[in-house]
Amino acid sequence: MSQPTKPRKLRKFNLRLAIGLTIVTILAAGSLILPFFTSVDPAAQGTYLKNLPPSAKHLLGTNALGQDIFWYLVFAVRNSLLLGVTVSIGITAISTFLGLSAGFIGGWYERVVVVFMDTFITIPVLPILIVLGAIVRGNTSFFVVAAILIVFGWAWNARTIRSMALTLREREFINMARFSGAGVMPIIGREIFPYVYAFMVVGFINTILFAINTEAALAVIGLSNVVIPTLGSIIFWALNYNAIMIGQPLWIIAPIVTTVALFLGLFLTSTGYNELFAERRGVA
Amino acid sequence: MKLAQYVVQRFIGYLLVLFIGITITFFLPRLMPGDPINNYISQVQARAGQSLSAEATQQLRDSLAELYGLQGDIFTQYRNYLARVVRLDFGPSFTYYPEPVSNILLDAMPWTAGLLITTTLLSWLIGNSIGLIAGYFNKRRWATVLEVVGIILYPIPYYILALVVILLFAYWIALFPLSPTFLPGPMTWNKAVSIIYNSFLPALTLILAGFGWNVLAMKALAVATKEDAYVQFARLKGTTDRTRMTNYVFRNAMLPQITALVLSLGFIFNGAIQTEVIFSYPGIGMTMRAAAGAGDYNLLYGAIILTIFSVATAALILDLIYPLFDPRIRLGG
């Protein structure tokens with residue numbers, strides 16, 4: 001038996017998870033597939049006439065820079081999601097490793113990790129990104145933003161995983177494995193991981209939210225790379241060109257609605273999954 | 001005895017957070033590609049065209065290196081940097097030369113502090129009260145409605161809330177100004193009123209943003225706590241719903257909520273920066289944005305050190321008043 005807590009069949013329909021997954025799937029699939037059907041660079045300026053109203057050709061109209069708002073938004077969702085997933089993969093790996101190892105190894109190693117955890121939870125990441133954004137002067141590559149988000153974002157998840165590890169350490173079946181002569185690594189891999197796995201899924205989704213949110217916040221105030229379409233840069237340009245005042249409210253309302261839908265979808269997916277897993281854990 | 005140990009532990013933790021935070025802000029920019037001085041010089045060259053001689057460029061480079069404390073090897077720089085942080089001396093601002101950075105930050109600080117302290121307290125109190133009632137009466141229909149409101153509000157980022165609030169209350173129903181204007185001069189009654197009026201929308205944004213989490217978390221805690229044996233015992237003793245809700249359920253359920261507040265302070269500060277910039281509110285966040293745009297690194301560094309210091313200190317204060325609410329730490333149980 002390699003996976004003692006292998007999920008049983010779906011016992012109960014979870015409304016939150018269903019709504020969340022539907023929203024996320026539509027947005028993710030749409031933004032990943034649609035770009036194959038256009039050859040126009042959505043960020044190129046002056047491709048179309050400026051400030052056209054919505055029509056069959058331009059679903060959401062065009063903006064003051066002569067870009068198609070709908071297509072810009074599609075690429076924005078795609079780029080933001082890709083950034084979120086990349087950062088989340090990095091953070092989940094680092095936080096799981098540090099959280100589990102701190103919880104199980106203990107001693108000085110744990111104390112050092114905990115001090116860094118507390119520090120990184122306390123320090124607000126946005127000011128740091130603002131300083132770095134100022135130093136590289138708007139040439140912030142996406143890669144650098146992702147790296148910084150990983151460096152400053154691992155602590156939250158690691159904290160939760162460490163506390164899970166602390167309670168698991170004292171459980172009977174862990175002692176059993178230990179007395180049977182299993183090493184630290186096999187115990188973590190075979191006995192602990194299945195327990196931590198559910199939180200990793202929840203943490204993974206929440207981290208996507210964190211990453212998209214932070215990059216977008218940086219872009220909205222003009223300090224990320226605003227040339228690349230993201231959910232933040234589209235709002236940055238709309239604000240810069242006073243979208244509402246020039247009679248192009250969709251330019252700003254469309255990304256707001258999309259962002260709310262995406263964030264709500266991700267949040268419902270993570271809490272719904274958590275609920276579902278809690279129910280399963282109850283019967284396991 | 002246990003209390004003293006707790007206080008000492010927290011204080012050492014506080015000093016470590018400050019030290020590590022300040023150290024990271026020193027080293028991180030130095031690991032970044034590109035160098036602020038070269039960036040700045042290429043900017044100046046772009047503006048001045050060919051008229052800048054090689055000698056003048058070198059002079060500019062030297063004086064910038066001196067100004068930013070970039071002379072000597074990295075350990076000398078680091079020592080000088082720490083010394084300056086301890087003396088709270090961040091040098092002159094570039095944009096407002098020769099105004100010292102500390103003066104500019106002192107002017108901006110009350111705005112951010114006032115806005116953040118008010119909204120964080122209000123948001124915590126209102127959110128937790130609503131969450132408590134919704135959790136205590138969780139079988140009622142309106143409790144579910146409140147939870148749904150919390151679920152919708154919680155994941156929305158600060159900048160989106162700020163924009164929605166502006167669209168609703170400054171464009172659609174023009175109740176409030178788009179960006180605040182404050183009366184100059186000494187504090188009078190009129191000025192106080194205008195500050196409150198102009199701060200209303202940014203404050204509303206921050207309260208709404210913190211509200212969702214507090215409602216959701218408190219509701220979950222209250223639902224779990226009200227089934228506990230001591231609450232059932234109190235019910236059998238004949239206490240009223242109100243007493244059980246406040247004196248029994250809330251007193252225990254608030255403890256994790258205080259911890260959650262401590263942990264989210266950094267996040268709340270991120271939100272304050274976004275809100276200030278979008279509303280052009282004259283606090284630390286706005287100062288940072290302006291300094292970043294102008295390449296005013298002294299001001300930027302002062303602001304980030306102040307940020308780390310403020311957030312860490314706020315967390316320490318909350319940690320230190322925590323024993324007042326939790327007798328287990330106070331009395332050593």
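The pLDDT is the predictor's confidence in each residue, on a scale from 0 to 100. In chain B its mean is 85, and 93% of the residues reach 70 or more. The structure is a predicted model, in which local features need a pLDDT of at least 70 and side-chain atom pairs count only at pLDDT 80 or more, while totals for chains, interfaces and linings use all residues. Residues are numbered from 1 along each chain as its sequence is written, and chains are lettered from A and ligands numbered from 1 in the order in which they are written.

Chain A averages a pLDDT of 84, and 92% of its residues score at least 70. Residues 1-6 of chain A fall below 50. Beyond near neighbours in sequence, this stretch has 6 contacts in the model; a contact requires C-beta atoms, placed from the backbone, within 7 Å. For the complex, the predictor gives an ipTM of 0.84 and a pTM of 0.85.

Chain B has 13 helices and 0 strands. Both kinds of element are DSSP runs numbered from the N terminus (helices are H or I, at least four residues; strands are E, at least two). The C-alpha atoms of chain B fill a box of roughly 90 × 55 × 40 Å along the principal axes. Of the 333 residues in chain B, 35% are buried. A buried residue has 20 or more other C-beta atoms within 10 Å of its own, an exposed one has 12 or fewer, and a partly exposed one lies in between, with C-beta atoms placed from the backbone. Among contacts in chain B with a separation of 6 or more, 73% join residues 24 or more positions apart.

Most residues other than glycine have a negative phi. Leu88(B) is not a glycine, yet has a positive phi of about 55°. Leu88(B) sits in the loop between helix H4 (74-87) and helix H5 (101-136) of chain B. It counts as partly exposed because it has 14 C-beta neighbours inside 10 Å. Ser280(B), also not a glycine, has a positive phi of about 50°. This serine lies in the loop between helix H10 (241-279) and helix H11 (284-294) of chain B. Ser280(B) has 14 C-beta neighbours inside 10 Å, and therefore counts as partly exposed.

In chain A, helix H5 (residues 142-169) packs against helix H7 (residues 184-220) at an angle of about 150°, with the axes 10 Å apart. The axes are lines fitted to C-alpha atoms, for helices over the stretch in contact, and angles run from 0 to 180 degrees between N-to-C directions. H5(A) is therefore roughly antiparallel to H7(A). Angles over 145 degrees count as roughly antiparallel, under 35 as roughly parallel, 65 to 115 as roughly perpendicular and the rest as oblique. The residues of this contact comprise 12 nonpolar, 6 polar and 1 charged. Ala, Val, Leu, Ile, Met, Phe, Trp, Tyr, Cys and Pro count as nonpolar, Asp, Glu, Lys and Arg as charged, and the others, Gly among them, as polar.

The contact between the chains takes 36 residues from chain A and 43 residues from chain B. H4(A) gives the largest share of the chain A side, 11 residues. By class, that side has 29 nonpolar, 5 polar and 2 charged residues.

Methods: Contact = placed C-beta atoms within 7 Å.
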